[in-house]
Amino acid sequence: MSMKAVALLGIWSGVQARKHTAPVGSTATYNSSQAAVCAIWLFANIWFVNVLRAKMPALQFPVIMYSIFTNVAFTYGPLFPTIAAGEALIKQLLEGFLTAFAISTGVSLFIIPVSSRTVVFKEQTGYIQLIRATIKAQTKYLQSLETSDMFAPKEPAGDDREKPDDGKKGKKSKKGDDKSHPAANAQAMALKANLAALTGLHGKLHGDMSFGKRETAWGKLDAKDIDEIFTLFRAILVPLIGMSTITDIFERIAERRGWVEVPNSKFDRAESWEACGTEAKEKEKKTWNEIMKTLHEPFEVVTAAMDEGIEHAGLLLELIPKPKGKKEEDVEEKADCSKPGDKDFAKYLDKKMLDFYSKRGEALKTWARQKGISESQFNATKSPARGEDWTPDEAQHRRDQQQLYLILYLEHLLYSTGIAISNLIKFANRKVEEGTMSKNRFIFPGKRRLKKWIMNIGREDTTIDTESPDSAEAGTNTVYMGSGFNPKKDPEHLPPQTAWQHFGNGLRTIPHFLGSAESAFGFRVACATLTVGIVAFLEDTQTFFIEQRLVWAMIIIAIGMSMTSGQSIFGFIGRVVGTAFAMVFSIVIWYIVDQKTPGVIVMLWLFVFLEMYFFIKFQRLIGIFLVAIITQILIIGYELQVRKIGIAAASSSGQPYYPIYELAPYRLACVAGGSFVAFIWTIFPYPLTDRSWLRKDLGSTLYLLANYYSIIHSTVGARMHDTEGDPSLKTSPGRRLEKARHNIFGKLLLLLPSLKQHADFQKFELSIGGKFPGPTYDAIILRATGIMNYLTLMSYATNAWVNDDGALYLNTRSERRSEWLDALSALVDIVRPTSHGVTSILSLLSASVTQGSALPPFIQLPEPYDLSRRLEALDKGILDARHIEEPGYSAYAVLQVCSSLVTDDLARLVDHVKDLVGETDFSFKVSMSESNMDSTASERSSGKGKKD
């Protein structure tokens, strides 16, 4: 109804302007004052609603509806001599809009209804299927390591060898191969593809859940259940991510030891104990082949049980359909083996997991026998202190220790995945036992949830990480949580103290709002709209505007205007092509049934039905399909309207009648014109490019990553010293760390696909000058993603240090675990393995990428954690093989592996950012053999960096 009120107010203002400026007794149909007032109202409305659209993308379709209404109302406004005529138009428009809303609402509610909860449940179904696919891909990859060379370059496919450069397909294949590591095989690539799909769906589910939880529905699972399912899914995702990183670990081992050739690789980061020849490579390969053969049976059994377990949970929660029962079943097999959907399946999975955990020691002893070393020999070898040389025996010991950590790494993460799936099963069983899944009921969102939603509409996020609006809960702080939990500071203003200062803070939001990027976008859309709309407000062209239906070009601008030039070019081409298809389809629909009205209606329904599939399937192309479908409906609808009311009545509004073969091209011309104007105003007066947005978002990602590392650092320290507090209290340090950690993790999963989208759209932008450094951006995104995954694993794995559930760890005592962990905590506290330098470097990289400023010279990278050598120097027995069955020891192995990978990724990340923004290095050297000065400033060597 706000549309009606604003439109009537604007038209009334125009009529008043006519009354006060027109001569007494004037009968002129045009009044410049009235036209100017209507133009101002149109500009202001288009600007304001598009600011809201830019700030809150969820309002895209309401803004489109509002823009259509105001465009029609204010372009016809100068024609009305009295307010009564204006009210008649607004009434007709409102009736049309409300009728359409009512029909669409009725169809949505009563004809195959699809709610936001349904979307969430469909995504959860897809999540379960992707988990199963990822587990199977992981199993295939591990089985491939029984015979393949995980350190050798992959062999090109047969087709690639025969036709390396033949045609476009060969080029595409070659390009795809260039993006993969030389040591990656087909199974590894399939695993990464499944995991990429799973993490992408996780981010989408994270964004869609808030809509599903706010709905009133008739169903079984409420908002708290949806939240808990998502939490349990996340607990499964994290170890799956960790298991997939074994491919990355093997790739790095091969690279650091010089077994594969990787472009721009720096082997000087490899330590002396990693130097190996071809003979050592073959020996390492055979060792891993034997290890994987040993782990084949237990891994296969437990992964099969996990696959059935996730299926069981999906069946109980009714997320996947029940399989059709077999006609004949083996009674003995049914008695011996539980199946998904059975009542006691949770016990069956727990038994399989405990059997797997109890046999961990046997697999490790088999590994030791294959290495030809005894437990005492392994424990007797000690790593040299920093700066000392590695003897052959010490180097071999370190390589053996690396293998041990990787075995524990795999086993611990596989076991953690099974426990996470077991927890999901227990949740599903509890919902069945409580009767939640037995019948449907009305589900209402809570008052607190609705209040929080309404209060947060349009509110700017002021937290330090810019992503978690309530990382600091209200309440009494029992401990100092650090500035990261408090709102970010304003460098130009101290926190307000008086009422007047608080009022001033509110007042400052007005210029901040007007000067924002969203306000600039709204201004561009308004200018683009008036570029076409001005024709309606000039006396000489007003009639032409009405007759040629140019209002549709203005509507296209409102629908298709985008913030960046890459999307604008893509949208311009897409909308013109889509409307061309709509023009052809409209003529086909009209003539294929010999212009018979019933046949035209049926064919129109069929075409729209088929086109809506692509509308829903390809989310990135929604705007293109929307324009095509609406154009098609307008063309056919107009012709049917003329057939019903006659040409005279249809032309009474001033628009001449056109047959369909003339009207369709006119519509195409309007769409092309509107899209072109939208494109011009996207790049004028200066372009907002996807490349600049990519750089900005990449800087935000690195800053979030710095916050994420800081939170993980605090989390690991709190778990080591048992200072997390009571997790049931919202104000406890552990609970607040968990909330901030999950918020940033979820936002990173949403932000990383956005980076890829900008990277894809920038390909449509015109390159003026040098080429865009796309590979460098891709490398930075890859390293940032890797650091996020490894930090998440560190947080997840160290949870075993505080989880004292004896049922999960069959062959160890809690007293022994506590004793070992206390000793480890004391030693780690002394050697201080973690470094705040990582947070500082990530923040520095974020600022450099965001501002485009060169990095300072000689950045000191943190030393590798190297916990093993430093701990062994203080206490020889802390890391010996006697502790391999301790859960904390496996968690330590995960921490050791992930920390080394984080350090390695950080070093590579710094190099990539240097390639992007340069380095402020003005050092030079004077050659003794020549009189000239050879400057080594990075500005000369690479053409990047700051200049005076």
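Q: How many cavities of 30 Å³ or more does a search of the whole structure find?
A: The structure is a predicted model. A search of the whole of it, counting cavities of 30 Å³ or more, gives a total of five.

Q: What is the volume of the largest cavity, and which element gives the largest share of its lining?
A: The largest cavity has a volume of about 70 Å³. Two elements give two or more residues to its lining, helix 5 (116-144) and helix 11 (278-316). Among the lining residues are T139, L142, M292 and H296. The largest share, five residues, comes from helix 11.

Q: By class, how many residues in the lining of the largest cavity are charged?
A: The lining residues include Q143, E146, L295, F299 and E300. By class, four residues of the lining are nonpolar and three are polar, and the number of charged ones is two.

Q: How many helices are in the chain, and what percentage of its residues is buried?
A: The chain has four strands and 34 helices. It has 948 residues, and the buried share of them is 48%.

Q: Of the contacts in the chain with a separation of 6 or more, what percentage is between residues 24 or more positions apart?
A: Take the contacts in the chain whose partners have a separation of 6 or more. Those between residues 24 or more positions apart account for 81%.

Q: Is K213 buried or exposed?
A: K213 lies in helix 8 (residues 186-213). Buried means under 20% relative accessible area. K213 has 14% relative accessibility, so it counts as buried.

Q: Which residue has a side chain joined to that of K213 by a polar contact of 3.1 Å?
A: Leaving aside neighbours within four places in sequence, K213 is in contact with A223, I226, D227, P445 and R449. A polar contact of 3.1 Å joins the side chain of K213 to that of D227.

Q: Why is helix 21 (residues 551-560) described as largely enclosed by the rest of the structure?
A: The buried residues of helix 21 include V551, W552, M554 and I559. Helix 21 is largely enclosed by the rest of the structure because the number of its residues that are buried is 10 of the 10.

Q: What distance does helix 13 (residues 345-358) reach from its first C-alpha to its last?
A: Helix 13 has 14 residues, and the expected reach at 1.5 Å a residue is 20 Å. Its buried residues are F345, A346, Y348, L349, M353, F356 and Y357.

Q: How far apart in space are D342 and L316, C-alpha to C-alpha?
A: D342 lies in the loop between helix 12 (331-336) and helix 13. Its relative accessible area is 31%, so D342 is partly exposed. D342 and L316 are 26 residues apart in sequence, and their C-alpha to C-alpha distance is 9.4 Å.

Q: Which residue is joined to F684 by a cis peptide bond?
A: The bond has an omega of about 0°.

Q: What value is phi of Q595 near?
A: Q595 lies in the loop between helix 22 (565-592) and helix 23 (597-617). At 32% relative accessibility, Q595 counts as partly exposed. Its phi is positive, in a residue other than glycine, and is near 60°.

Key: Residues numbered from 1 in each chain as written. Predicted model: local features only at pLDDT ≥ 70, side-chain atom pairs only at ≥ 80, totals over all residues. Heavy atoms only, no water. Expected span 1.5 Å × (residues − 1). Buried < 20%, exposed > 50% of the residue type's maximum accessible area, 1.4 Å probe, protein only. Polar contact = N/O pair within 3.5 Å; in protein donor to acceptor, adjacent residues only side chain to side chain. Contact = heavy atoms within 4.5 Å. 1 Å grid on protein atoms, 1.4 Å probe; cavity = no way out; pocket = protein on both sides within 12 Å on 5 of 7 lines; lining within 4 Å. Points joined across faces, edges and corners; volume = space filled by probe spheres on them. Nonpolar A, V, L, I, M, F, W, Y, C, P; charged D, E, K, R; others polar.
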